[in-house]
Amino acid sequence: MRINNAAASALALILAACGGGSAEHGETGEHGGEHAEAAEGHGPSLGPLEAHAAEHGPAAPHGAAAGGDANHWDYMHQAAWAQVAGACGQGQEQSPVNLSSAAPMVEMPDLAAHYLAANGNFVNNGHTLQFNPAQSAATLMIGQQAYGFAQFHFHSPAEHTLDRRAYPAELHFVHRNSQGQLAVVGVFIEEGLENQALGALLASIPNGQGEEMATHITADLAALLPPDRAYFAYAGSLTTPPCSEGVRWNVLRTPIQASAAQIAALREALGSSSRHVQPLNQRTVVLGS
Ligand SMILES: [Zn+2]
């Protein structure tokens, strides 16, 4: 399925959140730290925030960003997200959350990513670096349920924390099923060996922001997953405005590795791009195996 299927309203929400729009540049100053909220469970914000100054970001898909504000936000002023139309300030099932390695182990459906190498565009949309496939040939099976691959993007540092510690980065593979429901696979990136698949992406980071600056690449999706597919499962939300809920989260327990230089390059390109950890409230996170 196509990422830019305008009829897919749920997917449009993801696109509105991650795929376009401009960062707020009137109120805040991308360089300012005077109102920076204390990050909960995250490491220090490193990297140039200039990466987020997206005054020329592409237009967002219509229909999802009710109120027209869903694209005007930044990571330095997350308390202001509550004023954006959506669930950011009100939702009780928000993401990301802290994950505990002591989470109850439950027999869960297998997570089977039928990923092929995919051609597409790698774009800096002002909030993240995102790969949009030209056509989706990739499917995620969660048990018997099929979800089509829509896009992947990065966050640095990681959004989900594990035992209150944040990995240097996190990949989100976004999928959608035929009912419009979203499933995201989160993959932590830890410092270690150089990662070839990531290296190919880093070599193709677009020089500017917006779809017109995107680079055309082939992404080796399967190479960005660890072999062990044990995963933390819970019901959550988009981690960017409008923070819509009903997202099936599957965060892989095992990280992939990247070299220190690769992580630094990713951090430099992304800036700090993580939502603060949200309360679990009544939810339970389980560890599926
Ligand atoms: Zn994400």
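Analyst: F173 is buried, because 25 other C-beta atoms lie within 10 Å of its own. A residue counts as buried if 20 or more other C-beta atoms lie within 10 Å, as exposed if 12 or fewer do, and as partly exposed in between, with C-beta atoms placed from the backbone. The model is predicted, so local features need pLDDT of at least 70 and side-chain atom pairs count only at pLDDT 80 or more, while totals for chains, interfaces and linings use all residues. Residue numbers start from 1 along each chain as its sequence is written.

F173 sits in strand β9, residues 169-176. Helices (H or I, at least four residues) and strands (E, at least two) are DSSP runs, numbered from the N terminus. Which residues does F173 touch, leaving aside neighbours within four places in sequence? They are F149, F152, V184 and V185. Contact here requires C-beta atoms, placed from the backbone, within 7 Å. F152 is 21 residues from F173 along the chain, yet their C-alpha atoms are separated by 4.3 Å.

Beyond four places in sequence, the contacts of I189 include Y167, P168, A169, E170 and L171. P255, I256, A258 and I263 are also among them.

I263 belongs to the buried set of helix α3 (residues 260-270), together with Q262, L266, R267, A269 and L270. Seen down the axis of α3, these buried residues fall within an arc of 165°, so they line one face of the helix. The arc is that of the directions from the helix axis to the C-beta atoms. An α-helix has 3.6 residues a turn, so residues three or four places apart point the same way. On the face of α3 turned away from the buried side, A260 and A261 are exposed. The cover over the buried residues of α3 includes β9 and β10 (182-191), and also β5 (129-133), β7 (145-155), α2 (196-202) and β14 (256-258). After α3 comes G271, with a positive phi near 70°.

Another covered element is strand β12 (residues 231-237), where 6 of its 7 residues are buried. β12 runs antiparallel to strand β13 (residues 245-252), joined by 7 bridges. Strands pair if DSSP finds at least two bridges between them. In that pair, G236 stands opposite V247. β12 also pairs in the antiparallel sense with strand β15 (residues 286-288), over 3 bridges. There, F232 stands opposite L287.

L287 also contacts V106, as do V286 and G288. V106 lies in strand β2, residues 105-106. Is V106 buried or exposed? V106 counts as exposed, because it has 11 C-beta neighbours inside 10 Å.

Now the whole protein. It has 3 helices and 15 strands. Of its 289 residues, 49% count as buried. Among contacts between residues at least 6 apart in sequence, 74% join residues at least 24 apart.

Definitions and conventions: Two residues are in contact if their C-beta atoms, placed from the backbone, lie within 7 Å.
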